[in-house]
Each structure stands twice: as structure tokens, then as C-alpha cells.
Amino acid sequence: MAVTGSPELLIVMGAGATAEQVDEVVARLAEAGADAHVSAGKDATVIGAIGERELLAALPLEGFPGVDQVLPILKPYKLVSRELSRDPTVVDVGGRRVGGGYFGFIAGPCTVEYREQTLVTARVVAEAGATWLRGGAFKPRTSPYAFQGLGQEALDILAEARAETGLPVVTELMDPRHVEAVMDTADVIQIGARNMQNFSLLSEVGSAGKPVLLKRGPSASIEELLMAAEYVVKEGNAQVVLCERGIRTFERSTRYTLDIGAIPVLKQETHLPVIVDPSHAAGKRELVAPLARAAVAAGADGIIVEVHPAPEEALCDGPQLIPTGEFGDFAREIRALVSLMGRAIG
Ligand code: PEP
Ligand code: MN
């Protein structure tokens, strides 16, 4: 359900609190004109109270049976914060999971260029144990003269690749005018780095009812990324995966600077899964594996990487694409590290 108003107060129920006691608190909030966002965790139920801070502070909630603690939510992001939902969110697409101990291994072409290129890539990544298939149909290109993606034709090819491999498809939505077309095919909607603060697009996917893969803008702070996710979750869509894909710094030897520190920070701040895109951060094929390994070791919930049967002929991001012939070795290494970290491939 969409949330109107800002969650200001956390009501933490005691471990033994009953459903009736939770209902009583919710009813008291409603009586005072406030709303409640109930998050039933493994250890404790937490109620986010939505309404005027002063009005909420005046309620004697601490005295209610079953209530353990009443705390203000001080962070600007509320629904995505760890405070509100203490258990990790698991984004599940047809049984292929990311988050909460499940590692999402997402791979596929940067861009759908033609049918064979995408189908061959999809078969190779599926065979190697990938869990979701990526592929761009609408591409955000720095140059208006560069290949902009095949659009609907690409979506049809992705649907065929899914039918053959069984892998859920993640593809980027750039423009609200394409919502219907992308929604028809995508299992997960990607919001690209350049659109991270396109607030109307975020609200749109928040009410679209499909999981969202939200990439961090190259100049966005961690807090801005979390606020962008808040836009989506506020509309009632809690199935959001955050993606660190490198930020813009003075360094020029990599395409972007992969902010490895963002992974543990995000894991502390939010219950949403956090994945890493080492391909766009590296910009160079030989750097993708070491950055992917670093991401797994830092506690990422997944990676998303670009693969191509003939990178030298690719229409987009050629230098960073892992050749299909090398993907098996790459995947083996990642799988070993994931299990070393005590995670299971989703
Ligand atoms: C992509 O993943 O296809 C892409 C364009 O990445 P980003 O938005 O991170 O640049
Ligand atoms: Mn790319």
C-alpha cells in the first residue's frame, strides 16, 4: 500500500507481543489521525507511525501493553531504513532470490543487439549458474549519435531468451512512455544511474508492481540513493534492489571509481539488498573479475555483469564485456567466493 505522509516514530513491540497488542497500537494511531506501517520481523514487530511528529509524541504509546520502545526515526529515509525493518528484504522473482543470504548472479548483454547475440549469451550465463538475465532494450547513451537500443524488438528477444533459459529478465526503463512495453516483458525494472533522481519515474515504478533494480547515480551520495529508493517504496513497492556501479572521481584509470565502502554502509543503513556492477565501474574487462571478487568479499548481495559472444564487435561498452568463452571461469570463481562468504547463489 502506498504511504502518504512521513513515518516519524518507531514503535518497537516486545518479543512476546501478540497480534492483538499490535492491532491496539495501530487502532490508537488511527484514532489520533495517524497511519501505521507494520513490519513483522523475525524477532520483533516494528510499527512505523506516520503523522505529525508533535501529535505522535503526545500519544502515551510507551504505556501500551506489548510496547517495548518508542523512538523517533531521525534519518531522512524511513521506509527503507534498517530501523523500520530489521530483517533483510529478499527480492524474489519466480524463486530466484536476491538478499537475506541469497546472492543474485545477474549477467547478460549490455545491449540487445541482435537475436543470436542475446540468445547465445543467455544460454552461456544460464549454463554457468546466473540467476537473472540482464539486457538493455532502451539504452541511455552519452552521445545522441550512438546506438540507442532496439526498443520493442529487443524486448521480444529478451522474452524469447527467458522462455528458453527460464531466467527472469531485468531491463532498463528510461521513459514513462515505455512503461507498458517494458512492464510487459521485464521481470525486474532497471532504473539506470542517470535516472536515479528522476523522481516522477521513481514514483511510476513504485506503483508498477514489479521489482526494481535501482542504480546509484555517478555523482549521488549514499543518502541520495536511499532517498531515491524511498520514492519507490513509498508508493507501495518494497521490492527494490540497490546497485553500486561506480562514482565519478578524479581518477581516470578506471571508468568510474567503485565505491566498495558503500556496500557495508548501505548494509548497515537499509534492509534492501545491495548489489554491485563491476562492469560499468571498471570499464575494462580485465578489471571486472577483481572488482567482482571485492564486492562479494565486502558483503554484496549480488553482482550484475555484462557478457558478449564477440566483444570486439559490440555496439556498446565493448572494452568491459566478458567474452562468453571466459564466462564459465569467471562464474566458477564467483561461486566459490560466494560460498566462502556463507551465501547461496539465489
Ligand atoms: C546498464 O546497466 O545498462 C547501464 C547503462 O548502467 P548505468 O545506468 O549504471 O550506467
Ligand atoms: Mn553497458
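**A tour from the ligand to the sheet**

Select ligand 1 and arginine 194 to begin: an N or O atom in the side chain of arginine 194 lies 2.8 Å from an oxygen atom of the ligand. This is a predicted model, in which local features need pLDDT of at least 70 and side-chain atom pairs count only at pLDDT 80 or more, while totals for chains, interfaces and linings use all residues. Residues are numbered from 1 along each chain as its sequence is written, chains are lettered from A and ligands numbered from 1 in the order in which they are written, and side-chain values use heavy atoms, with hydrogens and water left out.

**Around ligand 1**

Taken alone, ligand 1 exposes 290 Å², and the protein buries 96% of that (accessible areas come from the Shrake-Rupley method with a 1.4 Å probe, and for residues only the protein chains shown count as cover). The residues around the ligand, including Lys139, Glu172, Lys215 and His280, each have a heavy atom within 4 Å of it.

Aspartate 317 lies in the loop between strand S14 (302-308) and strand S15 (322-323), where strands (E, at least two residues) and helices (H or I, at least four) are DSSP runs numbered from the N terminus. With a relative accessible area of 16%, aspartate 317 is buried, a word that means under 20% relative accessible area, against over 50% for exposed and in between for partly exposed (1.4 Å probe, protein chains only). Not counting residues up to four places away in sequence, aspartate 317 touches Cys110, Arg255, His280 and Glu306, contact meaning heavy atoms within 4.5 Å. Check its backbone too: phi of aspartate 317 is near 60 degrees, a positive value in a residue other than glycine. Most residues other than glycine have a negative phi.

**The open sheet**

Now select strands S1 to S4, which form an open sheet in the order S2-S3-S1-S4 with antiparallel pairing (two strands pair if DSSP finds at least two bridges between them). Strand S2 (35-40) and strand S4 (67-72) stand at the edges with a single partner strand each, so one side of each is left without a neighbour in the sheet. Within S3 (residues 45-50), which six bridges join to S2, alanine 49 is the bridge partner of alanine 36 and glycine 48 that of histidine 37. On the S1 side, five bridges join S1 to S3, and isoleucine 11 has isoleucine 47 of S3 as its bridge partner.

Which residues of S3 point one way, and which the other? Thr45, Ile47 and Ala49 point one way and Val46, Gly48 and Ile50 the other, and all are buried.

Definitions and conventions:
Polar contact = N/O pair within 3.5 Å; in protein donor to acceptor, adjacent residues only side chain to side chain.
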